[in-house]
Amino acid sequence: MTTTTTLHPGRDGAGVVQRTVLPGGLRVVTETMPTVRSVAVGMWVGIGSRDEAPEHMGATHFLEHLLFKGTPTRDAMEISASIEGIGGEINAFTAKEYTCYYARVLDEDLKVAVDVLADVVTSSLVTDDDVESERGVILEEIAMHDDDPSDVVHEQFAAALYGDSPIGRPILGTVESINALGRERIAEYYRRYYEPRRTVVSVAGNIRHEEVVELVARAYERAGALGGPDESELPRTSGPGAETHSRVRVLDRPTEQANLVLGTTGMARTDDRRFALSVLNAALGGGMSSRLFQEIREKRGLAYSAYSYTSAYADTGQFGIYVGCLPSKIDDVLKICRDEVARVVSEGLSADEITRGKGQMRGGLVLGLEDTGSRMSRIGKNELVYDELLSVDDVLARIEAVTPGEIAEVAADVLNRPLTLAVIGPYGDKDFSDAIS
């Protein structure tokens, strides 16, 4: 059975968001942007590194690579050439709780993008030869990642915060786990999780919803992949590894710069207080006018990069402060971070800081949705992980409605939680335990 729903009526024919559920629970969500000449297509699968058993560690990302290696109708060259030959782009990424395959093309080439992506997602061969050749590529990717301490420190922070659990482990896997993954294990993972009911196809641009649905249905039918239970999988509300810890994790490296993340747990993505936390984050460390940037860089010249951030999952989240500084300055930097966090808890934010924080969020949201790719990502991710689609105006209204009292309550909650610290630098056995006590 096929059902279609209008999620947002749009204005003057633009911004209309519709959803159709096809047999097998496959969801197709579109947003019309009639004034552009491009189309972005994304295929979102509700499986991420958080879902991996220990014997599958790194399999989600490994599989992302393998799906571009070939199908019964296209080899790797034909997959990329089909899109690049019409001036488009094709790629994918793996996250903790989902994987996305996407392409951006001219509106007249919508059919090509849908055909190629559907072929990749439903019909990958996952051959022994492809597994072995791509294993080397992934090991090189891990090595490249490990050479950048500003990336690794965030990974170390997650590992310290969540421990040896799926949500705390690296998305790429490790050298040991990638070398241990065989073709059968990866193929079994593919067969088990890449089902229509777990998949959302999102399309934004100069399109007609009915045409998109027809193209998607036809492509999935050709692959024999349009079947199974008609009910789509509900957004996840929990997952393994949400238990958190307060600890220090130091990776001793002879780097010229120290990299640190000081933080704690944040909020789940459906927590109504997330808007207040986002305003708080913007004011504390979200830009060049934020407290942390002003104190650490502008006033004292202790670092080049200093910011705070939030990330959210189904049932947990992170709040972190990142700084890259000279190794000799780390104690001063950590003290400023602790002092500024304590000052926000005890004194709150000023009216000007709240206004700037809200303005930064509003501008970032609207400016970030000016192209088809960001619109596609918004509706695709929303359909996969949320129960409802908030319009841009709804989100702007939620941001504007945040009160100083709500920010103070969130600060008193989140910023008083036990701290975790990850540090990369030439520190040997230096004791950083005072920084989280």
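A polar contact is a pair of N or O atoms within 3.5 Å; within protein, one must be able to donate a hydrogen and the other to accept it. By that rule, 17 residue pairs are in polar contact across the interface of domain 1 and domain 2, both residues at pLDDT 80 or more. The model is predicted.

**The side of domain 1**

Several elements give two or more residues to the side of domain 1 that touches domain 2. Among them are strand S1 (3-8), strand S4 (38-45) and helix H5 (149-162). H5 gives the largest share, twelve residues. By residue class, this side of domain 1 divides into 25 nonpolar, ten polar and ten charged.

**The two domains**

Domain 1 covers 3-223 of the protein chain, and domain 2 covers 248-435. Their C-alpha centres lie 28 Å apart. Contact joins 45 residues of domain 1 to 41 residues of domain 2. Together the domains bury about 3,400 Å² between them. Of that area, 67% is on carbon and sulfur atoms. Trp44, Val153 and Phe157 supply 18% of the area that domain 1 buries against domain 2, more than any other three residues.

**Salt bridges and Glu383**

The interface of domain 1 and domain 2 also holds six salt bridges. Separately, which residue meets the side chain of Glu383 in a salt bridge? Arg19 does, at 3.1 Å, N to O. Glu383 is found in helix H13 (residues 372-385). Is Glu383 buried or exposed? Glu383 has a relative accessible area of 9%, so this residue is buried; the cut-off for buried is under 20%. Leaving out residues up to four places away in sequence, Glu383 touches Leu7, Arg19, Arg27, Val29 and Val200.

**Pro229**

Pro229 is found in the loop between helix H8 (209-222) and strand S8 (248-252). Pro229 is exposed, because its relative accessible area is 54% and the cut-off for exposed is over 50%. Beyond its neighbours within four places in sequence, Pro229 is in contact with Gly24 and Gly25. Thr310 lies 81 residues from Pro229 along the chain, and their C-alpha atoms are separated by 36 Å.

The table sets out the accessibility of these two residues.

| Residue | Relative accessible area | State |
|---|---|---|
| Glu383 | 9% | buried |
| Pro229 | 54% | exposed |

Methods: Residues are numbered from 1 along each chain as its sequence is written. This is a predicted model: local features need pLDDT of at least 70, side-chain atom pairs count only at pLDDT 80 or more; totals for chains, interfaces and linings use all residues. Side-chain values use heavy atoms; hydrogens and water are left out. Domain bounds come from an automatic or database domain assignment. Contact means heavy atoms within 4.5 Å. Buried area is the accessible area (1.4 Å probe) that two parts lose on being put together, summed over both. A salt bridge is a side-chain nitrogen of Lys or Arg within 4 Å of a carboxyl oxygen of Asp or Glu. A polar contact is a pair of N or O atoms within 3.5 Å; within protein, one must be able to donate a hydrogen and the other to accept it, and residues adjacent in sequence count only if both atoms are side-chain atoms. Helices (H or I, at least four residues) and strands (E, at least two) are DSSP runs, numbered from the N terminus. Ala, Val, Leu, Ile, Met, Phe, Trp, Tyr, Cys and Pro count as nonpolar, Asp, Glu, Lys and Arg as charged, and the others, Gly among them, as polar. Buried means under 20% relative accessible area, exposed over 50%, partly exposed in between (1.4 Å probe, protein chains only).
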